[in-house]
Amino acid sequence: MDDDFNTADAVSAVFELVKLSNSTADGSSSREYLSYMKETLETLCQILGIVTERKTETLEEEVEALIAARGQARKEKNFALADQIRQKLLDMGIVLEDTREGVKWKRV
């Protein structure tokens, strides 16, 4: 533990492997080769603590409709209704943040 793990070189090696994979994998690559490269990269990234899987969040149609309805209520200056909709979304586990760029949301 007293020695440097040389993390920068380890991360550099992962990027080189990604570069190699991108330059050699194409439509003619075998499924086994692609699986091997993917598993190897995931293993190396896991060892280094690099997250390789990104989970995307999607809103259900009902939630999208509620956010739009809240926006419309705010435009019409019906703040009581906008607050009720915000509370309903909060009860569903959706937190809204009003920013200059528009409404942002996240799950809690």
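Predicted model: local features only at pLDDT ≥ 70, side-chain atom pairs only at ≥ 80, totals over all residues.
Student: Why is Ser21 called buried?

Tutor: Buried means under 20% relative accessible area. Ser21 has a relative accessible area of 10%, so Ser21 is buried. The residue is found in helix H1, residues 7–24.

Student: Which residues is Ser21 in contact with, leaving aside its neighbours within four places in sequence?

Tutor: Met37 and Leu41. Contact here means heavy atoms within 4.5 Å.

Student: What makes H1 and H2 roughly antiparallel?

Tutor: Angles over 145 degrees count as roughly antiparallel. The axes of H1 and helix H2 (residues 31–48) cross at roughly 165°, and the two helices are therefore roughly antiparallel to each other. Their axes come within 11 Å, and H1 passes H2 in a left-handed crossing.

Student: Which residues make that contact between H1 and H2?

Tutor: From H1 there are Ala10, Val11, Val14, Leu17, Val18, Leu20, Ser21 and Thr24. From H2 there are Tyr33, Met37, Thr40, Leu41, Leu44, Cys45 and Leu48. By class, the residues of the contact divide into 12 nonpolar, three polar and no charged.

Student: How do you know that H3 and H4 are roughly antiparallel?

Tutor: Helix H3 (residues 61–75) and helix H4 (residues 79–91) pack at an angle of about 155°. The cut-off for roughly antiparallel is over 145 degrees, so H3 and H4 are roughly antiparallel to each other. Their axes are 8 Å apart, and H3 passes H4 in a left-handed crossing.

Student: What residues meet between H3 and H4, and how do they divide by class?

Tutor: Glu62, Val63, Leu66, Ile67, Ala69, Arg70, Ala73 and Arg74 in H3 meet Phe79, Leu81, Ala82, Ile85, Arg86, Lys88 and Leu89 in H4. The contact has 10 nonpolar, no polar and five charged residues.

Student: Why is Glu62 called partly exposed?

Tutor: Buried is under 20% and exposed is over 50%, with partly exposed in between. Glu62 is at 47% relative accessibility, so Glu62 counts as partly exposed. Glu62 is in helix H3.

Student: What does Glu62 touch, not counting residues up to four places away in sequence?

Tutor: Glu62 touches Lys88 and Met92. The C-alpha atoms of Glu62 and Leu89 are separated by 10.0 Å, and these two residues are 27 apart along the chain.

Student: What makes a set of residues a nonpolar core?

Tutor: The residues must be buried, of nonpolar kinds such as Val, Leu and Ile, and joined through side-chain atoms within 4.5 Å. The largest nonpolar core has seven residues: Val63, Leu66, Ile67, Ile85, Leu89, Ile94 and Leu96. H3, H4 and strand S1 (94–99) each supply at least two residues of this core, and H3 gives the most, with three residues. A second, separate core has five residues, among them Val14, Met37, Leu41 and Cys45.

Student: What holds for nonpolar side chains in soluble globular proteins?

Tutor: They tend to be buried together.

Student: Why is Arg107 called partly exposed?

Tutor: Arg107 is at 37% relative accessibility, so Arg107 counts as partly exposed, since that class lies between 20% and 50%. Arg107 is found in strand S2, residues 102–107.

Student: How many residues separate Arg107 and Gly93 in sequence, and what is their C-alpha to C-alpha distance?

Tutor: They are 14 residues apart in sequence and 5.5 Å apart in space.

Notes. Residues numbered from 1 in each chain as written. Heavy atoms only, no water. Helix = DSSP H or I, 4+ residues; strand = E, 2+ residues; numbered from the N terminus. Buried < 20%, exposed > 50% of the residue type's maximum accessible area, 1.4 Å probe, protein only. Axes fitted to C-alpha atoms, helices over the stretch in contact; angles between N-to-C directions. Parallel < 35°, antiparallel > 145°, perpendicular 65-115°, else oblique. Left-handed = near helix turned anticlockwise from the far one by under 90°. Nonpolar A, V, L, I, M, F, W, Y, C, P; charged D, E, K, R; others polar.
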